[in-house]
Structures are given as structure tokens and as C-alpha cells.
Amino acid sequence: MSVVARTLLGPGPTNPYPEATAALAQPLLGHLDPAFLTMLDETCDRLRAVYRTDNSRTLPLSATGSAGMEAAFVNTVGPGDVVVVGVNGLFGLRMCDVASRCGAEVVRVDASWGQPLDVEAVLTAHPSPKLIAAVHAETSTGIRNDVAAIAAGKGDALFLADCVTSLAGIELAVDEWGIDLAYSGTQKCIGVAPGLAPFTISERAWARRIERPQSWYLDLGMLGGYVGETAGGGGRTYHHTAPTAMVASLHAGLGRILEEGLEAVIARHAAVGKSLQDGLQSMGLELFAALGHRLPELTTVRVPDGVDSVAVRAKLLHHYNIEIGAGAGEFAATVWRIGLMGHNARPDIVTVILGALGEILDNRA
Ligand SMILES: *Cc1c(COP(=O)(O)O)cnc(C)c1O
């Protein structure tokens with residue numbers, strides 16, 4: 001049976017819309033080819049559409065989602081700057097690590113894994129932080145954090161949202177909510193191979209950026225010309241060689257999403273996530289993420305007592321061609337993570353995974 005292509009269900013691996021995969025197989029364009037430059041400009045326009053922003057500085061950085069995180073911090077945070085970070089999973093922890101490497105004074109506001117961040121606690125953690133940061137969709141726990149509420153209460157601080165697993169999966173409105181900096185990855189709900197970090201920065205954050213960041217490659221001040229916008233209004237400047245195949249793939253994947261309609265794509269993720277979560281509970285399984293804060297695109301479920309988590313995942317992979325993730329951190333053996341992102345956010349995939357998991361769990365009883 002080849003309905004479900006292998007490695008398409010887990011939260012980490014590639015999860016391509018067919019259009020994005022087909023684009024990778026096209027003849028390569030040179031990085032200075034006018035056809036490529038047009039495609040790059042259109043890709044930036046499409047990113048503005050999915051981020052729901054007018055930010056002129058919206059572009060795919062040439063590296064994975066974590067480079068988006070690093071670019072956000074290294075361009076806005078210097079030694080001694082106070083940064084408040086909400087932490088309720090692996091990616092909040094990573095933000096603390098990156099901010100501290102920039103020399104920031106990190107004020108960490110923890111919530112239990114599987115629970116949402118306490119918005120008030122984040123907003124009152126420090127009287128005058130330079131930056132507040134939070135993860136919108138915590139892929140490690142399946143929790144949606146209320147970044148709109150944090151952005152609304154940011155005051156004079158800049159607000160940074162990790163949108164790696166939220167962009168094109170759940171509602172996100174960068175301008176309307178007041179998010180100053182956001183980054184994403186291509187391999188989550190955008191459904192393209194990993195390798196680019198869609199990035200956006202507001203005028204407000206741009207005005208407060210570090211003049212000479214401790215990174216050459218991720219210095220956004222040098223990237224303007226790369227995406228066709230230069231201070232003097234001149235042409236493009238060479239910064240680095242664009243990964244043309246990846247940009248072509250992202251261009252096609254975003255085209256697919258906008259053709260279906262962003263609202264429709266988000267509604268599709270919501271519907272299949274709910275039906276997976278309902279189905280798992282009907283089987284007697286217990287969901288891990290707190291009710292009311294569950295992500296549709298990444299479901300966390302507790303491994304039943306006495307069940308070997310690794311053996312079940314191996315059976316899913318080898319007998320059914322389905323990959324799901326282990327839990328993160330201390331929940332590695334006690335939680336499973338099931339991704340329904342991009343192309344995989346479909347009702348037939350829900351049927352297949354519920355059927356396979358049910359068969360495996362029944363057979364051991
Ligand atoms: C996957 C992920 C990242 C890291 O992205 P990479 O592409 O693996 O570097 C960061 N934040 C969140 C929330 C993620 O899910």
C-alpha cells in the first residue's frame with residue numbers, strides 16, 4: 001500500500017505538497033538569472049501573504065528555521081539587553097540559549113510542558129525588556145501559545161514569535177497582532193523540503209536593530225540587496241548564492257497554499273486535527289496537551305501504560321509506512337507526536353493512522 005508515503009507524518013521530516021516536489025525536479029536556474037530573481041520576488045510577496053504582513057523586509061533566509069531564530073536575536077539583541085522568553089517546550093529553551101549567546105540578560109518565564117504560557121506572567125516578568133519572545137506553536141508539546149495576547153501587551157518592547165509550526169497551519173496575523181519579528185521553516189505546515197527560513201521584520205524592529213551584529217551571514221542590514229531592495233534604490237547586490245532549487249520549491253509550495261486559499265488551508269488543518277484527536281480519545285487514549293490549547297497540526301498523545309513506545313513507532317514505520325515522532329525531552333518514552341501538516345492534513349491520512357494504531361494496540365492485548 002503506498003497511499004501514505006513514508007516519513008510524511010512525523011513532525012520533523014519533509015512533508016511536501018506535490019507541487020513543491022515537482023519544482024525541485026525542474027532544471028536549475030542560476031542565482032542571477034532574471035527568471036530566478038522574478039521568482040524570488042514573487043516568493044517574498046507570497047510570504048507576505050501567508051504571514052499577513054506588509055513588511056518590506058520579508059524573505060526566505062538561506063538556512064533552516066533555527067537560523068531564522070538566530071537572525072531574529074542576533075540583529076536585535078546585544079550584550080546586557082533584557083530579553084523575556086516564555087518557555088514551555090524545547091523551542092522556548094532554544095530561544096533562551098540563542099539569546100544568552102548574544103549576551104542578553106535572559107528572563108525566563110516557564111510553564112509546564114503540555115500547558116500554555118501564562119500571558120500575564122510573561123508580560124510582567126520585567127518592567128522594561130528590549131524584547132519579548134515566545135513560540136506560537138510548540139512542536140515539542142503540541143501546545144498553541146496565545147502570541148496575539150502577548151503582542152497586544154508588549155508595551156515598548158519588541159515582540160518576537162517563533163512561527164515555524166504555525167505559519168500556514170493555524171491562524172497568524174503578523175501586522176494585525178503586532179508581531180515585530182517572526183521566522184518559520186519550510187518543512188512544517190508549508191509542506192516543502194527543509195532548508196529555508198521564511199523571515200519577517202517590522203519597521204519598528206528595524207529601527208532598533210543592532211548596527212553590527214555578531215554574524216556576517218545573518219546580518220539583515222546586508223541582506224537588503226539580496227532581495228532587491230537597496231538603500232540607494234539601485235540594483236541588487238551580491239550577498240550569498242541563493243539556494244535556487246529550494247526557492248523554486250518554496251515558491252511552488254506557497255503558490256499551492258494561496259491557490260487553495262490561506263483560510264481554507266487553515267480550516268483543513270483544524271478539521272483534520274480535531275478528527276484525529278477525537279479518534280484517539282475514542283480509542284481510549286489520553287491527549288497530552290491541555291484542552292483548549294491543542295494544535296491541530298501536531299497532536300501529542302500519552303503512550304498507554306505497559307506499551308513500548310519505540311516498538312509501536314517501529315511497527316508503524318515498517319508495516320504501515322507511517323512515521324510519528326517520539327515525545328520531546330523527558331517525555332520521550334511516554335508521549336507520541338503525530339504531525340498532520342501541509343499535504344498530510346487530509347481526512348484519509350487520519351483514517352489510515354487511526355486504523356494502523358488501533359490494529360497495533362489491539363494486537364498486543
Ligand atoms: C522545527 C522547529 C524549529 C527549528 O527549525 P529547523 O528547521 O529544524 O532548524 C524551531 N521552532 C519550532 C517551533 C520548530 O517546530
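Reader: Which residue forms a salt bridge with Arg 46?

Author: Glu 42 does. In this predicted model, the closest N and O atoms of Arg 46 and Glu 42 are 3.9 Å apart.

Reader: Why can those two pair up? Where do Arg 46 and Glu 42 sit?

Author: Both are in helix 2. Arg 46 and Glu 42 are four residues apart there, so about one helical turn separates them.

Reader: How many salt bridges does the structure hold?

Author: The count is 18.

Reader: OK, zooming out. What domains does the chain have?

Author: The domain assignment gives domain 1, residues 19-259, and domain 2, residues 261-363.

Reader: How far apart are the C-alpha centres of domain 1 and domain 2?

Author: They lie 27 Å apart.

Reader: And how many residues are in contact between the two?

Author: On the domain 1 side, 28 residues. They meet 23 residues of domain 2.

Reader: What area is buried there?

Author: About 2000 Å² between domain 1 and domain 2. Carbon and sulfur atoms give 65% of that area.

Reader: Which elements give two or more residues to the side of domain 1 that touches domain 2?

Author: Helix 2 (34-51), strand 5 (137-138), strand 6 (143-144) and helix 10 (244-260). Helix 10 gives the most, with four residues.

Reader: How do the residues on that side divide into nonpolar, polar and charged?

Author: Twelve are nonpolar, nine polar and seven charged.

Reader: New topic, the ligand. Which residues come nearest?

Author: There are 13 residues around the ligand. Thr 64, Ser 66, Thr 139, Asp 162 and Lys 188 come nearest.

Reader: What does Ser 66 do there?

Author: A polar side-chain atom of Ser 66 lies 2.6 Å from an oxygen atom of the ligand.

Reader: And Gly 65: which part of that residue faces a ligand oxygen?

Author: A polar backbone atom of Gly 65, at 2.9 Å.

Reader: What about Gln 187?

Author: Gln 187 uses its side chain. An N or O atom there is 2.8 Å from an oxygen atom of the ligand.

Methods: Residues numbered from 1 in each chain as written. Predicted model: local features only at pLDDT ≥ 70, side-chain atom pairs only at ≥ 80, totals over all residues. Heavy atoms only, no water. Domains from an automatic or database assignment. Contact = heavy atoms within 4.5 Å. Buried area = accessible area lost by both parts, 1.4 Å probe. Nonpolar A, V, L, I, M, F, W, Y, C, P; charged D, E, K, R; others polar. Near = heavy atom within 4 Å. Polar contact = N/O pair within 3.5 Å; in protein donor to acceptor, adjacent residues only side chain to side chain. Salt bridge = Lys/Arg side-chain N within 4 Å of Asp/Glu carboxyl O.
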